[in-house]
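Q: I am new to this one. Could you take me through it?
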Amino acid sequence: MYKMTECRFKKNNDLNFGDKNEKKLLEFFKMKDIHKGIRKRKYKMAILDYYIMDKKKERVIHDLELKSRRYKFKDLKDVCFGLNKYETSIERLNKYNIAQTYYFLFIDGLYKWELTDPIEQEKEIRRGMIANKARNGKPHPAIFVKNYNLELVDKNLSSQEQSFSDDDSDFLPDTDEEDN
């Protein structure tokens, strides 16, 4: 019983950490006029959490994933995320020509990685396994992107600081569902 409670606490703590930093990034995007019209997918288990529609709101033109890290960019040689996200990004890029961007917020800055050509970018990644608290420590396949392939967006943004405001109602419009 103790381990289950401890595991739930850690899982909830991680989810809260991620939620707070997503809010911070959405505020940052709005302040910097980046990714106008960003929307969060309605379904909780969405593989890629955010998207942008074209101006006519007829189709998705950009998928985004926002990841938070509790360490400094320089502390590790790569960042990881689930293989399912990578495979979904490749499919959406190739099949629908939807741009794919991953943001990583570290203690010492915000970085991004854009997936534009999976064949050409194969050298930027490696495949491996990770154990995720959300999956009760069960190992699952992951993609590791080498840090030197990440682009610095803002060195002053930190995963450890408070968000810009306490009210996020102005930062994320109501969600529409998209077809693709």
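Predicted model: local features only at pLDDT ≥ 70, side-chain atom pairs only at ≥ 80, totals over all residues.

Q: What is the strand order in the open sheet of 3 strands?
A: The order is E4-E8-E7, and the pairing is antiparallel. Strand E4 (78-82) and strand E7 (125-131) are at the edges with a single partner strand each, so one side of each has no neighbour in the sheet. From one strand to the next, the twist averages 40 degrees.

Q: How many bridges join E7 and E8?
A: E7 pairs with strand E8 (residues 139-146) over 7 bridges. Within that strand, proline 139 is the bridge partner of alanine 131.

Q: Which helix lies across E4, E7 and E8?
A: That is helix H2 (residues 83-96), which runs at about 80 degrees to E4.

Q: Changing topic, how many aromatic pairs are there?
A: The structure has 11. In one of them, the ring centres of phenylalanine 73 and phenylalanine 106 are 5.5 Å apart with the planes at 80 degrees, so this pair is edge-to-face. Phenylalanine 73 is in the loop between strand E3 (60-68) and E4, while phenylalanine 106 is in strand E5 (residues 99-106), so the pair links parts 33 residues apart in sequence.

Q: Are phenylalanine 73 and tyrosine 111 stacked or edge-to-face?
A: They are stacked, at 3.9 Å centre to centre and 5 degrees between the planes. Both residues are buried.

Q: And which ring does arginine 126 sit over?
A: Its charged end is over the ring of phenylalanine 144, 4.1 Å from the centre. Arginine 70, in turn, lies over the face of phenylalanine 17, 4.0 Å from the ring centre.

Technical notes. Residues numbered from 1 in each chain as written. Heavy atoms only, no water. Pairing = 2+ DSSP bridges. Helix = DSSP H or I, 4+ residues; strand = E, 2+ residues; numbered from the N terminus. Axes fitted to C-alpha atoms, helices over the stretch in contact; angles between N-to-C directions. Contact = heavy atoms within 4.5 Å. Phe/Tyr/Trp six-rings, centres within 6.5 Å; stacked < 30°, edge-to-face > 60°. Buried < 20%, exposed > 50% of the residue type's maximum accessible area, 1.4 Å probe, protein only. Lys NZ or Arg CZ within 6 Å of the ring centre and 35° of its normal.
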